[in-house]
Amino acid sequence: MTQMTFQEAVVAAIVEEMDRDPTVFNMGQDIGPIYMGAMHSAKGLSEKYGADRIIDTPISETAMTGAGIGAAICGMRPIVQIMFAEFLGMTITPLACEASAMWYKSDGQISVPLVIRVLCGAGPHRGHAEDYIGIVSSVPGIKVVMPSCPADAKGLMTAAIRDNNPVIFFEHMGIYHGPRQEVPGEAVAIPLGKADVKREGADVTIVATGMMVQRAQRAADKLAAEGTSVEIIDPRTIVPLDIETVLASVRKTRRLVVVTESWRTGDPLSDMVSRVAEELGAEGPLPIARVALQDTARPFALPLTRASMPDLKDIIDAVHKVTKVQK
Amino acid sequence: MKPDENLKVALYQNLVKARELEEQMTKLAGFHAGVGEEAVVVGAFFGLKDGEYCAPHYRGALTAAHMRGADLHRLIASVMGKATSYTRGRVRGDICLPFQFRTLGMFSGVLGNPMNIATGMALASKQRGDGTAVVTSFGEGTSNIGGFHEALNLAACLSLPIVYVCQNNGYAMSTRSDYSIKTGSVADRAVGYGIPGIEVDGNDVIAVFEAVQTALERARAGQGPTLIDARTYRLSGHYTGDNNHYQPSEEREAWIARDPVARLRADLAASGIMDEARMDEIRSAAHAEVAAAIAAAQADPEADLSALGPDDLYCPDDAERASA
Ligand SMILES: Cc1ncc(C[n+]2csc(CCOP(=O)(O)OP(=O)(O)O)c2C)c(N)n1
Ligand SMILES: [Mg+2]
């Protein structure tokens, strides 16, 4: 075990895979030795691997994505850094129209082992918070990963690089340079599609992603003092979603609160909610609450940013709402 | 490189088979035939090395795949979505080609993707350092898409081994290229990327072949991409049933007079490489081969529901890689 920030953990996983596998390379804007990637997202890579494997590109997200796909289908394992998730719209044509479909439509002739890295979320950057996760999650064939802590970031990046499918890897800026935490010193892949129970509890299930996992933890601490026992599940991969772990928890608690930093409308976890209702709704009362971003463009000023996204009070209120209902 | 007699004969064989394919397939529903444009397709994709990849324009795609080794009957079955298609009916075979022949098609109906992705196929060549290069083609209408400009600029920045061939038939559906492209030639756009831009007579299969081969040699030698504007004309409709009412008749007549098949025949006859009778024989054989392939595909069973594969969403892990 060793101690790393989220950012260090992601880069460490990339280093391990690049050392192991000569087909892994990186492509992105300003990832070279001068700038080392937005928010140091590629720190140290260029010094270690040089310009052949850490390729600086012009501002051409569509071509970078297309090039990543093309290299991937010809035997390479590219990691394409699309600086911010806000730019994912420019990748949709090659990524969602082609790459997502290739394995299925080619009847197994083509696989696309491609990782797209994106920074997202409200954080020190004061911009580029939008993740558009609802858009990319709605297309079958793309895996969507959003880690909430350094250890998961490392293990999930390892798995993403080894995966034979296009994976979008979201790196939340609000926790990017947070406190160092324990991470495994060697490469240990965390399987994509496997949720993690971050806290065990009996009364209510909170499903949270990204930075909201920490917020849910804080809410759970406060609720514990009131005598409410909260179970927290972090799906870690939004697509494919580990619905079984969620169902097992809700089967036990029969109360569900979902906390995400996505727009309420089109949030991929709203589909999870309908699946929970389908599977478990007939078995008795099943109070559900969702805490999400307000359905507007993301406002700029700090008080507005804060008020537009789930905070501690919103989460606690949502839990109170579902615990009011007797089992 | 001057084409020798054998090469010219091979080009003729491919050209007439392409013509037969386009003419016979355009009688089927929903086909985007390229009658009149065959010289660009044959010239661009003939003679690629086995280990090399390509990504042809959708119009003429069957010919490109067939030249790379795909079976005519199965290609046509793929157009029809039959059980014998290369993907058991999962993708429309007129625009999407079997990748096992290192030939990429469209996995969606969105123009501009194959030439964009081909840029990455060339990046893989460069990363491997094996001296292979990539050829991709696209319509002149497609050269107005943003991704086209990004791709060519990126290829120029990274000096990628790729040849971009514009199959310039003067029209995007009914939109004329003199309306949508304000540089006189698509080749002029190359200036914007700092790469060579070459205009070639797209109805002269030998000229197209030579231009592409020269650009390929350059690419294989690590000297970067080339943009070739191959000028041709679409005599068939945009798709089955389009009657080309938007094409002025004098314009059509002028292009019919420059028909690529007739021109190669004249060249072969004049240079004494083949006589008319031999060329007719080759044409009849091509006609029969295509007709038989269509008939066989028509007789094939429809796609089987076992191909539906709701659980085939992801490529599984390699056990070895996942456990490393
Ligand atoms: C992104 C996109 N826009 C529009 C279309 C609809 N469309 C299909 S073919 C075509 C014309 C394409 O023209 P060109 O690139 O010159 O190729 P050609 O059909 O002439 O061979 C259009 C507009 C499409 N398939 N994809
Ligand atoms: Mg055209």
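In this predicted model, strand β12 (237-239) and helix α9 (268-280) of chain A each contribute at least two residues to the lining of the second largest pocket. The structure also holds 9 cavities of 30 Å³ or more, and 15 residues surround ligand 1. Local features are given at pLDDT of at least 70 and side-chain atom pairs at pLDDT 80 or more, while totals for chains, interfaces and linings use all residues; side-chain values use heavy atoms, without hydrogens and water. Residues are numbered from 1 along each chain as its sequence is written, with chains lettered from A and ligands numbered from 1 in the order in which they are written.

**Second largest pocket**

- Its volume is about 340 Å³, where a pocket is an open set of points on a 1 Å grid over the protein atoms alone, with protein on both sides within 12 Å along at least five of seven lines.
- A volume is the space filled by probe spheres set on the grid points, which are joined across faces, edges and corners.
- There are 16 lining residues, and A:Ser137, A:Ile238, A:Val239, A:Leu241 and A:Asp271 lie nearest the centre; a lining residue has an atom within 4 Å of a point.
- Helix α9(A) supplies the largest share of this lining, 5 residues; helices are DSSP runs (H or I) of at least four residues and strands (E) of at least two, numbered from the N terminus.
- The lining comprises 11 nonpolar, 2 polar and 3 charged residues, with Ala, Val, Leu, Ile, Met, Phe, Trp, Tyr, Cys and Pro counted as nonpolar, Asp, Glu, Lys and Arg as charged, and the others, Gly among them, as polar.
- Domain 1 (2-183) and domain 2 (196-323) of chain A each give at least three residues to this lining; the domain bounds come from an automatic or database domain assignment.

**Largest pocket**

- The largest pocket has a volume of about 440 Å³.
- Its lining numbers 23 residues, of which A:Ala122, A:Gly123, A:Leu302, A:Thr305 and A:Met309 are the closest to the centre.
- Two or more lining residues come from each of α7 (212-225) and α10 (302-308) of chain A, and α10(A) gives the most, with 4 residues.
- By class, the lining of the largest pocket has 10 nonpolar, 6 polar and 7 charged residues.
- The largest pocket lies between domain 1 (2-183) and domain 2 (196-323) of chain A, because both give residues to its lining.

**Ligand 1**

- Among the surrounding residues (a heavy atom within 4 Å), the closest are B:His57, B:Tyr58, B:Arg59, B:Thr142 and B:Tyr171.
- Oxygen atoms of ligand 1 lie 2.7 Å from a side-chain N or O atom of B:Arg59, 3.0 Å from one of B:Glu140, and 2.7 Å from a backbone N or O atom of B:Tyr171.
- The protein buries 73% of the 580 Å² that ligand 1 exposes when taken alone (Shrake-Rupley method, 1.4 Å probe).
- The shell around ligand 1 divides into 6 nonpolar, 7 polar and 2 charged residues.

- The largest cavity has a volume of about 80 Å³; a cavity is a set of grid points where a 1.4 Å probe fits but cannot get out.
- Of its 13 lining residues, B:Tyr86, B:Thr87, B:Cys96, B:Leu97 and B:Pro98 are the closest to the centre.
- The lining of the largest cavity has 8 nonpolar, 5 polar and no charged residues.
- The second largest cavity, of about 60 Å³, has a lining that includes B:His57, B:Tyr58 and B:Thr142.

Terms used: Polar contact = N/O pair within 3.5 Å; in protein donor to acceptor, adjacent residues only side chain to side chain.
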